[in-house]
Amino acid sequence: MLTFKNYNIADWFSFYRVIAAPFLVLLLWLDERQLFAWFLLISYSTDAIDGYLARKLKITSPRGSQLDSFGDQITLVVGLIGLLVFENEFIKKNILLISIAFVPYIIQMIIAYFKYGKATAFHTYFAKLSAIIQSAFILYSLFFAPNYTLFYIMIVFGLIETFEEITLIFMYDNWASDVKGIYWALRDKRRLKKDKNQHNIL
């Protein structure tokens with residue numbers, strides 16, 4: 001009832017973030033900082049909406065999780081490009097710290113694509129918290145100016161979340177979605193079934 005061409009309503013909110021990305025890039029090119037910030041805020045808001053709808057309506061799916069993750073990643077990249085354009089001095093001043101946080105993220109993506117052929121969609125609690133902090137920092141920077149307290153908090157939680165994602169990749173032989181964190185992964189039946197099969201073989 002809530003589907004259109006095999007995609008549900010939560011998926012379409014994720015699609016919005018993907019479709020909005022070129023429009024946001026256009027606003028960057030036009031040097032429309034305020035409009036860019038407002039539309040980026042809308043994109044971030046859809047991330048909260050699609051997750052809520054998927055859980056509320058019980059329409060979660062691996063495809064939806066993957067689409068949600070892709071929408072998140074492309075929105076994050078566009079947001080970072082926005083900071084590079086509108087707060088170039090801040091980026092240049094803090095490029096070393098930004099690189100320290102960003103390089104492990106790139107490594108995590110490479111490991112995921114090498115192992116699964118696609119990005120992860122674990123959606124851990126740390127990932128959700130890190131995304132909230134990232135969006136808060138980026139939006140605050142665009143509407144006002146970069147806040148160093150938010151910046152440092154974003155770096156720390158971003159690193160924690162990335163290392164947890166890398167750990168989960170090594171814990172799961174097959175691609176899995178919606179894993180709350182390492183603690184829950186240790187009790188995940190998807191992993192336990194695999195471990196039990198290996199034990200029986202031995």
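Contact means heavy atoms within 4.5 Å. With that in hand, take S141. S141 touches R33, L83, E87, P146 and N147, leaving out residues up to four places away in sequence. S141 sits in helix α6. Helices here are DSSP runs of H or I, at least four residues, and strands are E runs of at least two, numbered from the N terminus. Is S141 buried or exposed? S141 is buried, at a relative accessible area of 0%. Buried means under 20%, exposed over 50%, and partly exposed in between, with a 1.4 Å probe and protein chains only.

A word on the source. This is a predicted model, where local features need pLDDT of at least 70, side-chain atom pairs count only at pLDDT 80 or more, and totals for chains, interfaces and linings use all residues. Residues are numbered from 1 along each chain as its sequence is written, and side-chain values use heavy atoms, without hydrogens or water.

Next, the core. A nonpolar core is a set of buried Ala, Val, Leu, Ile, Met, Phe, Trp, Tyr and Cys residues joined through side-chain atoms within 4.5 Å. The largest one has 24 residues. F36, L40, F137, I138 and L142 have the most contacts inside it. Helix α6 gives the most to this core: five residues. I138 touches L40, Y44, L76, G79, L80 and L83, again not counting residues up to four places away in sequence.

Last, the loops. Most residues other than glycine have a negative phi. D31 has a positive phi, near 60°. D31 is in the loop between α1 and α2, and is exposed at 53%. D178 also has a positive phi, about 55°. D178 lies between α7 and α8, partly exposed at 39%.
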